[in-house]
Amino acid sequence: MAPGALISIISRTVQDVPGVVRMGTVPPSRVGQLLTGSHTRDGVLVRVMDGTLSADVYLIAESDTNLLELGERVQAAVAYAIRELVGMQVRDVNVYIQDVEAARA
């Protein structure tokens with residue numbers, strides 16, 4: 001599957017998790033360190049190696065959310081979406097909460 005499609009699936013999945021306000025931004029230092037075969041957009045960095053996916057997800061959380069639980073929910077949702085929608089094995093999903101802000105009304 002095309003990296004752009006994987007990123008779109010991951011981004012939409014993350015934004016549907018309660019407690020996520022919006023996607024964050026992949027830090028420039030991470031973009032500069034990318035290995036060949038890595039792709040980034042919309043707060044998501046993906047790497048596909050040997051048919052397995054690794055993803056780094058950068059997000060902004062709601063201020064009244066348990067951040068540990070949010071990270072676990074995001075990891076589970078992304079892994080499930082990739083396995084069920086794409087049929088690809090997931091090596092890891094790393095969640096980086098870059099900030100917290102009040103939920104939009």
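Let me start with S11, which lies in helix α1, residues 3-15, where helices (H or I, at least four residues) and strands (E, at least two) are DSSP runs numbered from the N terminus. This is a predicted model, in which local features need pLDDT of at least 70 and side-chain atom pairs count only at pLDDT 80 or more, while totals for chains, interfaces and linings use all residues. Residues are numbered from 1 along each chain as its sequence is written, and side-chain values use heavy atoms, with hydrogens and water left out.

Is S11 buried or exposed? With a relative accessible area of 6%, S11 is buried, a word that here means under 20% relative accessible area, with exposed meaning over 50% and partly exposed in between (1.4 Å probe, protein chains only). If we leave aside neighbours within four places in sequence, S11 is in contact with M23, D42 and V44, contact being heavy atoms within 4.5 Å.

Now to the nonpolar core, by which I mean a set of buried Ala, Val, Leu, Ile, Met, Phe, Trp, Tyr and Cys residues joined through side-chain atoms within 4.5 Å. The largest one has 22 residues, and those with the most contacts inside it are I10, V14, L53, V57, L59, V74 and I82. At least two residues of this core come from each of α1, β1 (20-23), β3 (44-49), β4 (52-62) and α3 (67-86). In soluble globular proteins, nonpolar side chains tend to be buried together. Taking V14 as an example, and not counting residues up to four places away in sequence, we find that V14 touches V20, M23, V57, L59, V74 and V78.

Next, the salt bridges: how many are there? The count comes to two, where a salt bridge is a side-chain nitrogen of Lys or Arg within 4 Å of a carboxyl oxygen of Asp or Glu. One joins the side chains of R22 and E101, at 3.0 Å from N to O, and this pair links distant parts of the chain, since R22 sits in strand β1 and E101 in strand β5 (residues 89-101), 79 residues apart. R22 is partly exposed at 33% relative accessible area, and E101 also counts as partly exposed, at 25%. In the salt bridge between D56 and R47, the closest N and O atoms are 3.5 Å apart; here D56 is buried, at 1%, and R47 is buried, at 14%.

S63 and E101 are 38 residues apart in sequence, yet 5.0 Å apart in space, C-alpha to C-alpha. Beyond its neighbours within four places in sequence, S63 is in contact with V100, E101 and A102.
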